Structures are given as structure tokens and as C-alpha cells.
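Subject: Structure handover

Hello,

Here is the structure I said I would pass on. Please open it next to the sequence and read the notes below with both in view.

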Amino acid sequence: MSKIMFDYTKSILERVSFDPTLFCKELEKAIKTLLPYEMEQLKEWLSTFIIEKPELKQCLLLVKV
């Protein structure tokens, strides 16, 4: 079940990545919902995803990558 939530979170973040403000809001929601080990996976995914979208770098402060 948790894999489903992690995949859902990634898909939402990918869909809203056009807007940094919305991306940060959705990231905040994800931080509240995901389990600690899922957060580690999300941090890894974010570090590679944001390479292509430097405008989202400010949101990394929320997860302290």
C-alpha cells in the first residue's frame, strides 16, 4: 500500500512541476503523509528530478536534501 502512496505523490509532483509555488505546497503535503523511509526515497527522486527544473530548487529546503 505504501508504494502506491509514494508513486501517487511522485505523479502529483510531476504534474504540478510547472508552478514552483504549487510544487512546494504539494511537497509539504507529501512530507506530512509519507513514512520516513518513503521520505528518503522522495529525497533521492527529488535530487534527480530537480536537475532538469532549476526553478524548483527552492522547494528542496522543505525536505533538507
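How many residues apart are Glu40 and Lys43 in helix 3? They are 3 residues apart, and because of that spacing about one helical turn separates them in this helix, which covers residues 36-49. Before going further, please keep in mind that this is a predicted model.

Salt bridges

The count of salt bridges comes to 3. The general idea is that side chains of opposite charge can pair when their charged atoms come close.

Glu40 and Lys43 form one of them, with their closest N and O atoms 3.5 Å apart. Glu40 is partly exposed at a relative accessible area of 43%, and Lys43 is also partly exposed, at 22%.

Another salt bridge joins Lys3 to Asp7, where the closest N and O atoms are 3.3 Å apart. These two residues sit 4 residues apart in helix 1 (residues 2-15), so about one helical turn lies between them. Lys3 counts as exposed, with 55% relative accessibility, while Asp7 is partly exposed at 31%.

Glu26 and Lys29 form a salt bridge as well, and here the closest N and O atoms are 3.2 Å apart. Both belong to helix 2, and because they are 3 residues apart, about one helical turn separates them. The rule behind this is that an α-helix has 3.6 residues a turn, so residues three or four places apart point the same way.

Glu26

Is Glu26 buried or exposed? Glu26 is buried, because its relative accessible area is 18% and the cut-off for buried is under 20%. Apart from neighbours within four places in sequence, Glu26 is in contact with Ile12, Leu13 and Val16.

Helix 2

Helix 2 runs over residues 20-33.

Which residues of helix 2 are buried? They are Phe23, Cys24, Glu26, Leu27 and Ala30. These residues cover an arc of only 165° around the axis, which means that they lie on the same side of helix 2. Thr21 and Lys32 are exposed on the other side of the helix.

At the N-terminal end, helix 2 is capped by Asp19. A side-chain oxygen of Asp19 lies 3.2 Å from the backbone nitrogen of Thr21.

In soluble globular proteins, nonpolar side chains tend to be buried together. In this model the largest nonpolar core has 18 residues, and those that touch the most other members are Phe23, Leu27, Leu42, Leu46 and Ile50. Helix 1, helix 2, helix 3 and helix 4 (60-63) are the elements that give two or more residues to this core. Helix 3 supplies the largest share, with 5 residues.

Which residues does Ile50 contact, leaving aside its neighbours within four places in sequence? Ile50 is in contact with Phe23, Leu56, Lys57 and Leu60. Of these contacts, Phe23 is also among the core residues that touch the most other members, and Phe23 is one of the buried residues of helix 2.

Regards

How values were computed: Residues numbered from 1 in each chain as written. Predicted model: local features only at pLDDT ≥ 70, side-chain atom pairs only at ≥ 80, totals over all residues. Heavy atoms only, no water. Buried < 20%, exposed > 50% of the residue type's maximum accessible area, 1.4 Å probe, protein only. Contact = heavy atoms within 4.5 Å. Salt bridge = Lys/Arg side-chain N within 4 Å of Asp/Glu carboxyl O. Core = buried A, V, L, I, M, F, W, Y, C linked by side-chain atoms within 4.5 Å. Arc of directions from axis to C-beta. Polar contact = N/O pair within 3.5 Å; in protein donor to acceptor, adjacent residues only side chain to side chain.
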